[in-house]
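Open the model in your viewer and keep the selection tool ready. We will go stop by stop.

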Amino acid sequence: MRRIGVFICHCGSNIAATVDCAKVAEAARGFPGVVYSADYKYMCSEPGQEFIKAAIAQEDLNAIVVASCTPRMHELTFRKTLANGGLNPYLFEMANLREQCSWVHTDKEKATVKAIDLVKMAAAKANKNEELTSSTMPVHKKALVIGAGIAGMQAALDIADAGHQVVLVEREPTIGGKMPMLDKTFPTMDCSACISTPKMVEVAQHPNIELLAYAEVTEVKGFIGSFTVQIRQKAKYVDHDKCTGCGLCETKCPSKVPNEYDLGLGQRACIYKPFAQAVPNKPVIDPLHCRKLVDNKCGLCAKVCPTGAVNYQDAERLFTDTFGAIVMATGYDLYPWEEIYGEYGYGRFPDVITGLQFERMVNASGPTGGKLKRPSDGQEPKSVVFIKCVGSREPAKAKGYCSRACCMYTAKHAHQVLDKIPDAAVYVFYMDVRAAGKAYDEFYEATLKDGAVYLRGRVSKIYQEGSKLIVKGEDSLLGRPVQVTADLVVLATAMIPSQGSRELAQTVGFLPDLDGWYQEAHPKLRPVETPTAGVFLAGACQGPKDIPDTVAQAGAAAAKVCGLLSKSQLETNPMTARSNPAICSGCGLCVAVCPYKAIQLISLADRDRYGKRINRTVADVNHGLCQGCGACTVTCRSGAIDLQGFKNNQILEEVDALWR
Amino acid sequence: MNAIQIKMREVAGQLLSLGEVDRVIGWEKGRFAHQSPPAFITDETKVERLIWDEYCLTGTAKYLLDDPYRAGKTGLFARGCDARAINRLIQDGQVKRENIVIIGICCTGMSDSVSRQMAAKCCDCTHPTPVVYDLMIGEPVKPVAKPERFKAVAELEQKAAQEKSEYWTRQFAKCIRCYACRNICPACNCRECFADQYRVGWLGKQHHTAENQVFGLTRAYHIADRCIECGECARVCPVGIPLMELNRKLIKDIQQLFGDYHAGVDSETAPPLGRYSLDDMEEFM
């Protein structure tokens, strides 16, 4: 029989102002199994916890109920108190008198009645609570970072610098992501490539980092501490061990295609490095356009290669490795504005470009060598219009969220136009200017002083008239329509999750939010964790971010990974689902509803009702993967699968107590 | 002798003599003229026992669970309702498709043994032609929508909560907890029914209206998105509880909430409450 101690917390006046705590404590003494009850101002405080420990010893208590705040706040605190008092920590039960009672009610009398009921239910459950014990599992001291943009590189470097092994996987032929594509970074205007390419080199040279460029994660099994990951190395058609990166092949290749890295503004060969400072600084062959691979003609690159590194027979390779932690750093893409913005010409006007295309154009190592040119005729634009929030903050049409970086990069672009073309006219159509960052607003003010004309309002139409673009919009501050004749229009398009990130999340075993961004475990308190233990988030894959925030978050994710990898054993959560094979009929509904892919059907040797040896199918829970959400237990009709600490009989006991 | 019956005996004889199956399950004439209980035939010389008349009411599929691990193959005579029941059992992982030879029969409906009118379960039948079969006897009939089968539910919905509560209390006051509804139901295929788990505390053993109601309502929820509408539960209930009204209420709600779903029409489409998707509604959050 349980000897339950009930402790009612006042939480200062948070609970005590609305609930008569002494009365609740008194009522609790009449509940089955309760031998001791008391109320106290702050149960979670040091004296409060000592009070519980003393009561455990004096009253020989073997189950504890604390009626205070939410278990999210202090369940762990009180479990530790029990452990320190010599009890199994899972003999603890919490009644939430704050969030579920005092904070939501005003009538003290009725709130007290409800509080008594809540405690009654908790005491009933405490009667049925069982001792639970954690087990341990080993931690593979190696981290996987998926995506080698600035977020992935920073996370990999921080983890590697702490002395842990890192495998960094990037699907493109070069690491670096979007940052080296940019010209300058706001608000300091330092050269983006000058601060990102040294990081790329550092990553490549770091003894603890294994770099896998042009590779993709294809399968993830296992759980925190022990993820078994299958990686697909795409066929490069160039042996990077032999290749010296001399670049002769690139100059001789006769087929040219638009360069993705320049967003179609420039051209590249079919054996190519995306840009001059690419890491690895060795080319790959584009199998979709290479004449040798498509038509078996040409073969020039192999002929000119001084080291014989070109190998047209190269094939993709699959291999697996085991990791203790995974960092997702898959970044962002830009909203495909051409698909829905008919008013901006559906991408038909060559002189309507995106902010990222502007970056390539204004970049000294870009396709125009840093000269601003109209893509249509190569002329220098004298009138440039910037349109912000293209796809962002447009819930009816595209995305409801703010893409966060556009206000600042548009101010930077406006500044750059005025800097490079002193007699240019610059107009910025905006909804709000969101410049909440260190030295951000000052930068925006400086752009205004430079002479950029900010027009608050949206653009309703762009059309071509001769070689000019006519931009029609509204100045909502003056309340009148405006029309600007522009040579170049730059759209600040919304950030969206990078292509394929949803599928990757499913492969890794968690679910993105409705916009496709990776969901953090808690928006405030666990911002770099995912609901899947051992999987962390860095950078824009979690939501739109600028570079400083991305780098900071990557460091935070790395700190979490280091914390995990610094342990050799992990304690498991004992509150996981258990399947009872004697009852399980193997219908598999639990498998279908498990969001963590923690349940599988296995074959069990048994005898049938006639004594014949048979193999039957039953559900089996992987306790490393199970997060204890309970979706399986409510799906199981016969209760064959049951959640430790929230067993069906424990919950029924609570419900029954309410009616006693 | 009717054509279907002739064909049934012929097919059963062939399957047994060729060794393709080692038993067939169909119907035979029992003690009473107005009843045709299920027949289990393992000997090809006994196929003459098989009959097809207006009283072949009993579902055949659930009998597969009497010995789910038997070695041989079973030839199963299946009407539309039986075929959906087979899909139910396949989807629930209780039988393997390859262990059954389904001899489909295009059924035009059976008669109630007492009233001699078309049986209630057949009046409401939407899929008279088997949805899955290996061999087929008779001319296929197209599925019919039968929205009128929700008439009783719609009428009940109009009543006040108190009236509904009284109605079901009255119905379950009659219940004798014989579990015939559960035992005949192809969706009730748990190894151990919650109703038999006294130690957990779902419900007690005592015979008591409230406990009967817990049993009946919980059973309805357990088969909510998996009920194949064979109507066997209501047919076998010895005290005449209109169990299909409960099932149809849930089917109606599920169709409103999750779209048109007909359990057991195929064995692939997961039941709406038995899958997890990002697009699931979460209006409560």
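**Stop one: between the chains**

Select chain A and chain B: across their interface, zero salt bridges turn up (a side-chain nitrogen of Lys or Arg within 4 Å of a carboxyl oxygen of Asp or Glu). The side of chain B that touches chain A has twelve nonpolar, eight polar and eight charged residues. Here Ala, Val, Leu, Ile, Met, Phe, Trp, Tyr, Cys and Pro count as nonpolar, Asp, Glu, Lys and Arg as charged, and the others, Gly among them, as polar.

This is a predicted model: local features need pLDDT of at least 70, side-chain atom pairs pLDDT 80 or more, while totals for chains, interfaces and linings use all residues. Residues count from 1 along each chain, chains are lettered from A in the order written, and side-chain values use heavy atoms, without hydrogens or water.

Now show the contact itself (heavy atoms within 4.5 Å). Chain B brings 28 residues and chain A 27 residues.

**Stop two: the largest core**

Move to the largest nonpolar core, with 60 residues. Such a core joins buried Ala, Val, Leu, Ile, Met, Phe, Trp, Tyr and Cys through side-chain atoms within 4.5 Å; buried means under 20% relative accessible area (1.4 Å probe, protein chains only). Select Ile159(A), Ile209(A), Val327(A), Val561(A) and Ile599(A): these touch the most other members. Helix 5 of chain A gives the most, eight residues (helices are DSSP runs of H or I, at least four residues, numbered from the N terminus).

Which residues does Val327(A) touch, leaving out those up to four places away in sequence? Among them are Leu144(A), Ile159(A), Phe536(A) and Val561(A).

**Stop three: another core**

Methods
Buried < 20%, exposed > 50% of the residue type's maximum accessible area, 1.4 Å probe, protein only. Helix = DSSP H or I, 4+ residues; strand = E, 2+ residues; numbered from the N terminus.
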